[in-house]
Amino acid sequence: MARLKISGLKKSYGKVPAVRGVDLDISEGEFTVLVGPSGCGKSTLLRTIAGLEEADDGSIEIDGELVNDVRPRDRNVAMVFQNYALYPYMNVFENIAFGLRARKAPKNQVKDQVQRAAEMLGITSLLERLPRELSGGQRQRVAIGRAIVREARLFLFDEPLSNLDAQLRDEMRSEIKRLHQDIGKTMVYVTHDQIEAMTLADRIVLMKDGLIEQQGMPLELFERPATRFVAGFLGSPAMNFIPATLKRKGTGIAMVFDDGAALALPASRKASLSGSVGRAVLFGVRPEHIERSRKGSARPGQARLKVTIDLVQPTGPRTYGTFLLGGVETVAELEVHDVERPGESLALLFDMNRIVIIDPETELVISHSGT
Ligand SMILES: Nc1ncnc2c1ncn2[C@@H]1O[C@H](COP(=O)(O)OP(=O)(O)OP(=O)(O)O)[C@@H](O)[C@H]1O
Ligand SMILES: [Mg+2]
């Protein structure tokens, strides 16, 4: 197990900056997920930790040891690559055993460790097969097996599930989480899939343009995003963002939209927002925090609004209904039969306790459910 500490890390490819100054402190046994859009520098950061790329600036320490100048194979780090490759002429057993054999481990130990890894990954019955005789998901597991028998102090995974279909992905995601619970090693895992990030991570590190935008526990980022980017990245369907103005209404404050619609804010938010009355803001609301109004169903903090649904998307368990709010297409995650066809008018309830309010200039969140 290992602690990983990164300070001021920078890496460019010629003139292209990929990582522009990253600080990270990962404790022993922690499962950290690096997430962010394509090209934000996730793989570069991971490859620099592994020693496959040389840092331009900054330091990488594993267990207090500065490893910037340590060769990749002496860092004792195991990595599963975004485009993993198995040795095509070796069977599964030999593929997993490869690293152990290279280190001249005794025969018994090789056998034991390969067996243990195979059991953990559910591929015991496949040990005699060649890679081309395996499905994509099975190959992926062999690649993971090859990494875990190395008994490395740090495990790096670069989108290890990207080639799998949705169902297999779900299965493997659970297996990787269980694997981490079983072996308790420090893991850094890259993905651009926010569901994978939310479900796996002890801590999410959300990257944008070579920098860390925000890091924290999954629900902390989800419920208390610091910026519009974080609020919009986590969650599916994504948070709705609608321009609005904060106005005084009666004794309270309301969010007023360009089309004249208004949603009252709960009293609990009045104190923190009274200095912002008259201000143009971005109103952020998650689709799951909008529900259909039923007789007598409004709870404290909910604001009611009548809308016309113009797009209906059933997913099975839920139905997404789209409507215009302040001229912006807005999605509500409704119950299955709440709306059947476009054109229907519905009264909706917005959970105003859960909304975020964003400064449109800086894109910083100025109020979320914790404030
Ligand atoms: N070998 C390379 N030579 C030049 N530029 C590169 C190289 N590798 C990556 N880049 C650039 O560096 C930036 C970061 O790339 P990186 O591969 O780290 O992104 P990523 O977050 O892993 O993206 P993805 O989700 O698509 O895998 C991108 O702009 C990319 O084009
Ligand atoms: Mg990548």
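In the predicted model, isoleucine 358 has valine 365 of β21 as its bridge partner. Strand β20, residues 356-358, is joined to β21 by two bridges, and these two strands run antiparallel. Both strands belong to an open sheet of six strands, arranged in the order β13-β12-β11-β14-β20-β21 with antiparallel pairing. The edges of this sheet are formed by β13 (262-264) and β21 (365-367), each of which pairs on one side only. From one strand to the next, the twist averages 40°.

Helix packing was examined next. Two packed helices are described by the angle between their axes and the distance between the axes. Helix α2 spans residues 92-102 and helix α3 spans residues 107-121; their axes come within 10 Å and cross at roughly 130°. Angles from 65 to 115 degrees count as roughly perpendicular and those over 145 as roughly antiparallel, and α2 and α3 are therefore oblique to each other. The crossing in which α2 passes α3 is right-handed. On the α2 side, the contact is made by Phe93, Ile96, Ala97, Leu100 and Arg101, and on the α3 side by Val110, Gln113, Val114, Ala117 and Ala118. Sorted by class, the residues of this contact between α2 and α3 are eight nonpolar, one polar and one charged.

Helix α3 also packs against helix α4, which covers residues 136-148; the two axes come within 10 Å and cross at roughly 135°. The helices α3 and α4 are therefore oblique to each other. Their crossing is right-handed. In this contact, Ala117, Ala118 and Leu121 of α3 meet Arg141, Ile144, Gly145 and Ile148 of α4. The contact of α3 with α4 comprises five nonpolar residues, one polar residue and one charged residue.

The residues around ligand 1 are Tyr13, Val16, Ala18, Gly36, Ser38, Gly39, Cys40, Gly41, Lys42, Ser43, Thr44 and His192. Strand β2 (16-26) and helix α1 (42-50) each supply at least two residues of this shell. The largest share, three residues, comes from α1. By class, the shell around ligand 1 contains seven polar, four nonpolar and one charged residues.

Methods
Residues are numbered from 1 along each chain as its sequence is written. Chains are lettered from A and ligands numbered from 1 in the order in which they are written. This is a predicted model: local features need pLDDT of at least 70, side-chain atom pairs count only at pLDDT 80 or more; totals for chains, interfaces and linings use all residues. Axes are lines fitted to C-alpha atoms, for helices over the stretch in contact, and angles run from 0 to 180 degrees between N-to-C directions. Helices (H or I, at least four residues) and strands (E, at least two) are DSSP runs, numbered from the N terminus. Angles under 35 degrees count as roughly parallel, over 145 as roughly antiparallel, 65 to 115 as roughly perpendicular and the rest as oblique. A crossing is left-handed if the near helix is turned anticlockwise from the far one by less than a right angle, and right-handed if clockwise. Two residues are in contact if their C-beta atoms, placed from the backbone, lie within 7 Å. Ala, Val, Leu, Ile, Met, Phe, Trp, Tyr, Cys and Pro count as nonpolar, Asp, Glu, Lys and Arg as charged, and the others, Gly among them, as polar. Two strands pair if DSSP finds at least two bridges between them. A residue is near a molecule or strand if its C-beta atom, placed from the backbone, lies within 6 Å of it.
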